[in-house]
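Keep the picture open beside you and go through the points in order.

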Amino acid sequence: MSNDPVLFVIYGVSGDLAKRKLLPALYSLIEQDVLPEQYSIVGVSRQSDYTVAQLVQDTTEYLPDDSINHNALTALTQHLKIVHNPLTSKADLVKLKNELSDESSQLGQDTVRLYYLSVPPAAFSPLVQLLGQTGHNQVFANETTPPRLLVEKPFGYNTQSATELIQAADSAFSESQIYRIDHYLAKETAQNIMTFRFNNALFESIWNSRHIDTIRISAIEQIDIEGRANFYERTGALRDIIQSHLLQLLAITTMAQPERLESASIHAQKIKLLQAIQPIAHDQVASRAVRAQYEGYLHEVSNPSSTTETYARLLLSINNEQWRGTNIVLETGKALDRKETHIEITFKPYHQGAQANSLLFMLQPREAIVLKLLAKQPGLTNETRSVQMDFDYQKSASSKSAEAYQRVILDAIRGDQSLFASGQEVLASWRIFENVLQAWSKQSEDMQFYPKGSKPDTIL
Ligand code: BG6
């Protein structure tokens, strides 16, 4: 990686994501000594009494290990600054720009400036427009690369609002400056899907509907909404996980081979794939979309008539030559019996009545690739039994997998957009679910209810 200085600006630094994900990831990068020598982290807060000490204390709770590396924590603290700014008027943004310009020139020549935006969707467009109007989108005198914007989801609530957000961002920043985070793409196994597919001749020739019966992508969580009632009431399981993370995983699992394994080629294939997914039609909603809510949710969000789903499962199909006929199932839910994310590829049985082979990409908590095959039972009979070839990352690797946000930050510093979602991809994703979202907002008779801790396969 280049050693150009980095100025990392965090909007919404007192918010949840900054202290749960971003700062712990920066701490780990400092610990591993992979950040450039010169770097500065500026947190922008609307709370006039929020301090660095408070931020570090809040972050400590979410640091990865029990044993804290005090040198890394001290370095993080020393490189942190908090700027108090309401961010509402042009004057506020001009003041901030002057402060950041000073900070950038102190860091030195060729500083790379990154803005991390974790703000509510309603605040996004006005803020991005103000950034543009006040010159934050331009290079400062000592800089040579245009500043980059790292954006957290949700990228809208439906096609229309996503279009508006994308247009607002485009009016101030070019697509090459915008990094829409999908932290599932940055998980170790997700990155390995492309390596696995495009480097092993064994699989690519059977990667199609002639050989694959079902692709099931499942991300289930044990945690409930953890008090985030406002956020979740407007989001729900489909928007929160399926529209973003699971569709991105589906895209890298099923896209055609990119010309090169680099950002532009990967995005070109992902967008083709997403556009080939058949949107669920109005009259298919009942048969292809399942939703459920955990018991106690209504009380938790203080809304007795809430129809927000905490579990969703969708049956999709991809309308292209390679995949027509393969069942695609995407599933997610909160307050279930375990935390587990995996992609299961079930092949068609070799002959009628035979057991099917399957390939499992396990993203979390265990990171592994498991191939289920049939083999002969040892001994004098010809009985077959199911065996597993299991590649477990932790057992076989000498180094630890990096937490997704560490990868997100490093790629943004390097200027590599491969693991981020493009504006076109976001729009193609919303289109698929538009009819489901509309149907679900109008009636709720199909809603099922499940006790917390349920197994997902009990939701029918
Ligand atoms: C986020 C969702 O994108 O992903 C959360 O907004 C969810 O609701 C989280 O809990 C899960 O992420 P991970 O990495 O723990 O699987």
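Which helix does Asp-240 lie in? Asp-240 belongs to helix α10, residues 236-254. (Helices are DSSP runs of H or I with at least four residues, strands are runs of E with at least two, and both are numbered from the N terminus.)

1. Some ground rules. You are looking at a predicted model, where local features need pLDDT of at least 70, side-chain atom pairs count only at pLDDT 80 or more, and totals for chains, interfaces and linings use all residues. Residues are numbered from 1 along each chain as its sequence is written, and side-chain values use heavy atoms, with hydrogens and water left out.

2. Back to Asp-240. Its relative accessibility is 5%, so Asp-240 counts as buried. (Buried means under 20% relative accessible area, exposed over 50%, and partly exposed in between, with a 1.4 Å probe and protein chains only.) Not counting residues up to four places away in sequence, Asp-240 touches Lys-153, Phe-231, Tyr-232, Thr-235, His-245 and Lys-334. (Contact means heavy atoms within 4.5 Å.)

3. Now the ligand. Asp-240 is one of the residues around the ligand, and others include Lys-153, His-183, Arg-228, His-245 and Lys-334. (Being near a molecule means that a heavy atom of the residue lies within 4 Å of it.) The shell divides into 2 nonpolar, 3 polar and 7 charged residues. (Ala, Val, Leu, Ile, Met, Phe, Trp, Tyr, Cys and Pro count as nonpolar, Asp, Glu, Lys and Arg as charged, and the others, Gly among them, as polar.)

4. Look at some distances there. A polar side-chain atom of Asp-240 sits 2.6 Å from an oxygen atom of the ligand. For His-183 the distance from a polar side-chain atom to a ligand oxygen is 2.8 Å, and for Arg-228 it is 2.9 Å. Taken alone, the ligand exposes 400 Å², and the protein buries 82% of that. (Accessible areas come from the Shrake-Rupley method with a 1.4 Å probe; for residues, only the protein chains shown count as cover.)

5. Next, Asp-224, which you'll find in the loop between β7 (212-220) and α9 (229-233). A polar contact of 2.8 Å joins its side chain to that of Lys-452. (A polar contact is a pair of N or O atoms within 3.5 Å; within protein, one must be able to donate a hydrogen and the other to accept it, and residues adjacent in sequence count only if both atoms are side-chain atoms.) A polar atom of the Asp-224 side chain also lies 2.8 Å from the backbone nitrogen of Glu-226.

6. Which residues of α3 are buried? They are Ala-72, Leu-73, Ala-75 and Leu-76. They cover an arc of only 160° around the axis, so they sit on the same side of α3. (The arc is that of the directions from the helix axis to the C-beta atoms.) These buried residues pack against α1 (16-31), β2 (39-45), α2 and β3 (80-84). On the other side of α3, His-70, Asn-71 and Gln-78 are exposed.

7. One more detail on that helix: Asn-69 caps the N-terminal end of α3, with a side-chain oxygen 3.0 Å from the backbone nitrogen of Asn-71.

8. Finally, Ser-171 in helix α6 (residues 159-172). Ser-171 counts as exposed because its relative accessibility is 54%. Its side chain reaches the backbone oxygen of Ala-168 at 2.6 Å.
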